[in-house]
Structures are given as C-alpha cells and as structure tokens.
Amino acid sequence: MALPSGNRRETDDWDPTVFASGSRMAAAMSVALERTPALAAASLLFRVLELSANVLLLACLAWLVRFLVIVFLFVSLWYIPAARHVESYKMPLVFPVLCFVVDDFSMLGLHPKPRSAVSMYRIMVFRVVVLLLFWFFIAGPGRHEAIAKQLPWLMWCLFDRGIMKKFTDNSSSTEQTEFRIDLINLWRALGLSVVVLSLLWLSIAIHMLLVGHFAGRPSPLRAEVSADMTRVMHLTALVDETRDLGDGECRDALLRLKQQNYPRFVLMNIASTFGPIAGFVSRFAAEVYSVVIFAVSMVYYAYMKYWLPAIAQGILGSLLACTVLITIYNIALRAPMQILVEAKRSWDRGIATEPYLDIIRADKGAQALPALFIKIIGLPFAVSTPLQLVVSWGSILGVVGVVALFVFQRFDLGIENEGFSAVQDGRLWTGQTGHHPATGQATTSNQGQVVELSGNSIDLNNADAPAETNNGST
C-alpha cells in the first residue's frame, strides 16, 4: 500500500476506507498519546463540556419552559443546522449525536477529510447563549415577576409559571401546579452545575472562534490537518496488516510493534474492552428502572386526579420504553451473545473488531442521547425516593461521560463515518470490511518502510517521522 509523503495536504489522497476502523482508532490514539497527550486530555474534557452545554442545558430547561418551545428550539437550532451541514436530513435522525457534535472535524486535527467547523460553532455558541438567557431571566424572583407584569403573554407562552416558581422561590410561591418535585434542592443543584459547565464551554468556544482575529494564529476550528496525520497514516497501515492473522498472532504482532517502535501504543485491555459493555448493561438496567419510575408516577398522578402530569409521565415513560425495546430488538438481531463474543475477540486480538465498534456505535451514537433527554425532562417530576434519585443521577452522569468518550474516539481520533464526507463517499456506518483488499503481507511507503508483522521482528526504516507542530491545537 503506497502512502503519501509528509506533505500535510497529500492526506487528501489517503483513502481511509481501505483500513479497518479499529486500526485507525488505535493508531490515532497512539500518536495522540505520544505527541500531544495534554491536548488529547483537553479535547476529551472539552467534549464533556460540549455535551453539557448542548444536551443537558436544553433538557434541563424543559423543566421550566413549555415543551413546544423546546421542540421549536431543537428543530431550528439543532436539527436543521446539523442536517444542512451533513447535507442529509436522515443522518441526524439515524445518528442523533450529529445534532450536538460537528461532523468531519477533529479537535486533534486527525480527520482525514476535515471541513471547517467555524460556521457550526457560531450556531452552537448562539444557541447556548439563547438557553442561558432563559436561565438568567428566571434566576431571581424579581426578574421574572417584572417580565410577567410587562409581558404577561410572553411569560405564558414560554414558561410554566407554577413549576418555575417552585424551582426559583418555593417558599413564597403563590402559583399552583399539579406537578410534584420531591428532593427539589438536588435537582436545582444539577441545573446550576449544568449552567456553570455551559458557561465554561461557551468561554472556550468563543476563544476558539476569535483566536484568529486577536492572537494572530489560525483558529483550531478551521479544518487544519495535523502534521502528526502522516505518522497516524503510517501506523494505521502497520496495524491493519494484522487483520488476516489469528487472534493470538495479531496480539503478538502488535506487542512487537509496541515494544520496538511505538511505546505509547495501547492494546485493548479488560477496562477498554469490557468497560463499554458494562456501561451498556448498566445504562440499559437504569432505563428499565426509569420506565418503572415513570409508570409508578403516572399511577400516582392518575390516583390524585392530576390528569395533565399523568398524561405527561405516561408519554415520557412510553417513549423511554420504546428506546428500551429498540435496544432489545437490535441485540436480538445481532444475537445477544455476539456482544460478549466480539468483546472477547477484541481483547484477544488487542484491537477492536469492526462488529464490536458497530455495537458501541449503535448504543452510544444512536440510542443513548434520546433516552437521556427523556430521563432528564421527566424524572424530576417522577422521582420520590433517594434511591430513585441516585439511580437517576448516576444514569444521567454516566451517559454524559461515556458519550463524551465515544465522541472523542470517533470524531477527534478521525474514524467517524457518519458526516458529509461519509455521505459523499458512500461509506456510512463503521463496517468497512467489504472495502478491504483481500491480502497483504507487507506495507511499503515512499520512505522505504518495510514491515513484517508475522515474523519474529519488525524492521522499520525511517518510520519515526520527526514531531511537528499540531496545527489543530488550541
């Protein structure tokens, strides 16, 4: 396989579809840990903040703002911009994470065919500012009471005043609402924490947008390809040569590669292999438990003859039950044991297999966020015991953490196959085995690189390219 030279722009000629996604992810992670470990850690933290500002803030605002307003905001400021950027109105529905993360963009500059994210981040900054303005308008009793006197129609259209009074000034509330909110101080703390994290993300995003104008250096949002991309391409080719080997031989070959030339190369271990599976199981169990919580809450409201809350809790519980059934259906299609089989095989080989990455993709990229939205919107009005609160908080925070890691691995490490480039190239989804060449015993580059992975040693000539400045860093 011929690889391009060190010229950054020649990465446009590199065809990532001939390599397995697991090989690309392992290579990119190795180079990121070797060359820019601080930037990699900062990128992961930024993704946590990004999900807090663009997912949690909107969902928490649904506690106070009428649901139709939330739907309007989501469609106009989340779904439509994402669909236009991907140039597909289907992909943000099939892969909802695209509504919250910019496709064809890596914070590390490791996407093979990047596009500028400046316009999308301008929209993201605008929508987070809009959400924060909602929060600040209702932060103090004096503010929303003044608005209610001057613009009563606006307050009626935007806010459920009874619930808003409970969240902002419960002791002096004269508004009545049928919705109960037990342990309200803890839910207030969650909302306040989300606002703080959103402000932090907003300041970083604005800095990245303006750094080119005031600091005299290019913005990291302008689709720069890192100088380290050449090294990622070389290592990807080396790792991908193991795909025709047996599981044990594959792991031995990768160990030799790690020991002789790439000490920061990370093989799949128990935590990285079975951790996502454990996260999936715990998330699934928490969602089943949340369906029970919604059902009990619906019965309570119906018994008290509070019909609006009963209907709302019934609808949310039904939607969450649908996500659970979709998960069960997808597992049944793959056969339940395939999840464990692919996890075990990934561990044995030392690198993630394509079916394993497909399973993780379907869970984290497609099913986790809709369920998270439903739980955040409805659980404050359904939870009634400390145990239910612990499970609810644990599932919410856990999903944010694992989805942020998923976004870092797929987008920042450059293995994403769902954005505009994938739509254009016809390579949607992660399964690319049909595009692989049938065989290949050695990889040769224009730098005289020869690799023999199935033997007892690895001979690399000039494989270790000198470290260069990462043009995608902040």
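**Salt bridges and cysteines in close-up**

Asp247 is partly exposed, with a relative accessible area of 25%, where partly exposed denotes the range between buried (under 20% relative accessible area) and exposed (over 50%), computed with a 1.4 Å probe on protein chains only. The model is predicted, so that local features need pLDDT of at least 70 and side-chain atom pairs count only at pLDDT 80 or more, while totals for chains, interfaces and linings use all residues. Residues are numbered from 1 along each chain as its sequence is written, and side-chain values use heavy atoms, with hydrogens and water left out.

**View A. Asp247 and its partner Arg349.** Asp247 forms a salt bridge (a side-chain nitrogen of Lys or Arg within 4 Å of a carboxyl oxygen of Asp or Glu) with Arg349, and the closest N and O atoms of this pair are 3.0 Å apart. Arg349 is buried, its relative accessible area being 5%.

**View B. Asp247 and its partner Arg345.** Arg345 also forms a salt bridge with Asp247, with 3.5 Å between the closest N and O atoms. Because Arg345 lies in helix α14 (residues 336-349) and Asp247 in helix α11 (residues 247-260), the pair ties together parts that are 98 residues apart in sequence. Arg345 counts as partly exposed, at 33% relative accessibility.

**View C. The pair Asp103 and Arg115.** A salt bridge joins Asp103 to Arg115, and their closest N and O atoms are 2.8 Å apart. Both residues are placed in the loop between α4 (91-94) and α5 (118-137), twelve residues apart. Asp103 counts as buried at 2% relative accessibility, whereas Arg115 is partly exposed, with a relative accessible area of 21%.

**View D. Salt bridges in total.** By the distance rule, the count comes to 13 salt bridges.

View E. The structure holds zero disulfides, a disulfide being a pair of cysteine sulfur atoms within 2.5 Å. Cys60 is buried, with a relative accessible area of 1%, while Cys322 counts as partly exposed at 41% relative accessibility.

Key: Helices (H or I, at least four residues) and strands (E, at least two) are DSSP runs, numbered from the N terminus.
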